[in-house]
Amino acid sequence: MVNLRSTCTTKTVWECCTRSTMRTVRLLRSPADPCRDIGGHDEAEAICSALLNDPFKQCHGAIPIGDREGGPMKNCMMDVCNCFLDESCACAQFDTYATQCQNNGFDAANWREDVKFCPYDCPDPTVYQSNGATPVPTCLNKDPEQT
């Protein structure tokens with residue numbers, strides 16, 4: 001029996017060393033795929049397909065959307081499958097992609113208007129403004145320095 005001292009990471013190919021010989025042993029392991037585990041690739045892709053539409057599609061040239069194998073589409077699908085196909089779990093990935101679009105000069109600020117399952121509900125009497133003041137004025141600081 002060989003005693004392995006793990007120096008492994010979560011990458012596809014793990015590298016471990018044996019204490020006795022200190023030689024590298026490669027262990028092949030497929031990365032975790034929650035969509036495969038629940039049989040949800042098609043459903044997750046359908047939910048994440050909002051990334052293919054307005055307002056996101058305007059920035060696909062600057063930020064490739066990817067597919068099931070990688071990129072924002074895969075990230076979205078993994079999040080959705082980790083939530084057992086709850087569409088609201090895609091919203092964080094949509095927000096991340098919209099921010100990347102904004103950072104590259106594309107206006108995707110109002111993406112929540114186009115993705116109905118990602119509302120941003122604010123308590124009354126406040127309202128959501130994607131390009132609102134940051135930080136928000138308060139009673140103690142009526143004119144905060146904007147960032």
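The buried residues of helix α2 pack against α1 (34-38), α3 and α4. In this predicted model, those buried residues are A44, I47 and C48. Viewed down the axis of α2, the buried residues fall within an arc of 95°, so they line one face of the helix. An α-helix has 3.6 residues a turn, so residues three or four places apart point the same way. The opposite face of α2, turned away from the buried side, carries the exposed residues D42 and A46.

The protein has 147 residues, of which 27% count as buried. Its accessible surface comes to about 10,000 Å², and 51% of that surface belongs to carbon and sulfur atoms. Of the contacts with a separation of 6 or more, 42% are made by residues 24 or more positions apart.

The confidence of the prediction deserves attention before individual residues are considered. The mean pLDDT of the protein is 79, and 76% of the residues reach 70 or more. Over residues 1-27, however, the pLDDT is below 50, although this stretch has 39 contacts in the model beyond near neighbours in sequence. Where pLDDT is low, the predicted coordinates should not be read in detail.

The protein has five aromatic pairs, counted where ring centres lie within 6.5 Å. One of these joins F56 and F94, a tilted pair with 5.8 Å from centre to centre and 40° between the planes. This pair links distant parts of the chain: F56 lies in the loop between α2 (41-48) and α3 (71-82), whereas F94 lies in helix α4 (residues 91-103), 38 residues apart. Both F56 and F94 are buried.

F56 also pairs with W111. The ring centres of F56 and W111 are 6.0 Å apart and their planes stand at 40°, so this pair is tilted. Here too distant parts of the chain are linked, because F56 is in the loop between α2 and α3 while W111 is in helix α5 (residues 111-114), 55 residues apart. W111 is buried, as is F56. Taken together, ring pairs link F56, F94, Y97, W111 and F117 into a cluster.

The surroundings of F56 extend beyond its ring partners. Leaving aside neighbours within four places in sequence, F56 is in contact with A50, L51, F94, Y97, A98, C101, W111 and V115.

Several backbone features complete the picture. Most residues other than glycine have a negative phi, and most peptide bonds are trans. The peptide bond from D54 to P55 is cis, with omega near 0°, and P55 is placed in the loop between α2 and α3. F56 lies in that loop as well. A cis peptide bond also joins D124 and P125, with omega about 5°; P125 is found in the segment after α5.

The loop between α3 and α4 holds F84 and L85. Phi of F84 is near 55°, a positive value in a residue other than glycine. L85 likewise has a positive phi, of about 70°, although it is not a glycine. With a relative accessibility of 65%, F84 counts as exposed, since the cut-off is over 50%. L85, with a relative accessible area of 27%, is partly exposed.

The segment after α5 also contains Y128. At 34% relative accessibility, Y128 counts as partly exposed. Not counting residues up to four places away in sequence, Y128 touches A109, R112, Y120 and C122.

Methods:
Residues numbered from 1 in each chain as written. Predicted model: local features only at pLDDT ≥ 70, side-chain atom pairs only at ≥ 80, totals over all residues. Heavy atoms only, no water. Phe/Tyr/Trp six-rings, centres within 6.5 Å; stacked < 30°, edge-to-face > 60°. Helix = DSSP H or I, 4+ residues; strand = E, 2+ residues; numbered from the N terminus. Buried < 20%, exposed > 50% of the residue type's maximum accessible area, 1.4 Å probe, protein only. Arc of directions from axis to C-beta. Contact = heavy atoms within 4.5 Å. pLDDT = per-residue confidence, 0-100. Areas by Shrake-Rupley, 256 points an atom, 1.4 Å probe, with all protein chains shown as cover.
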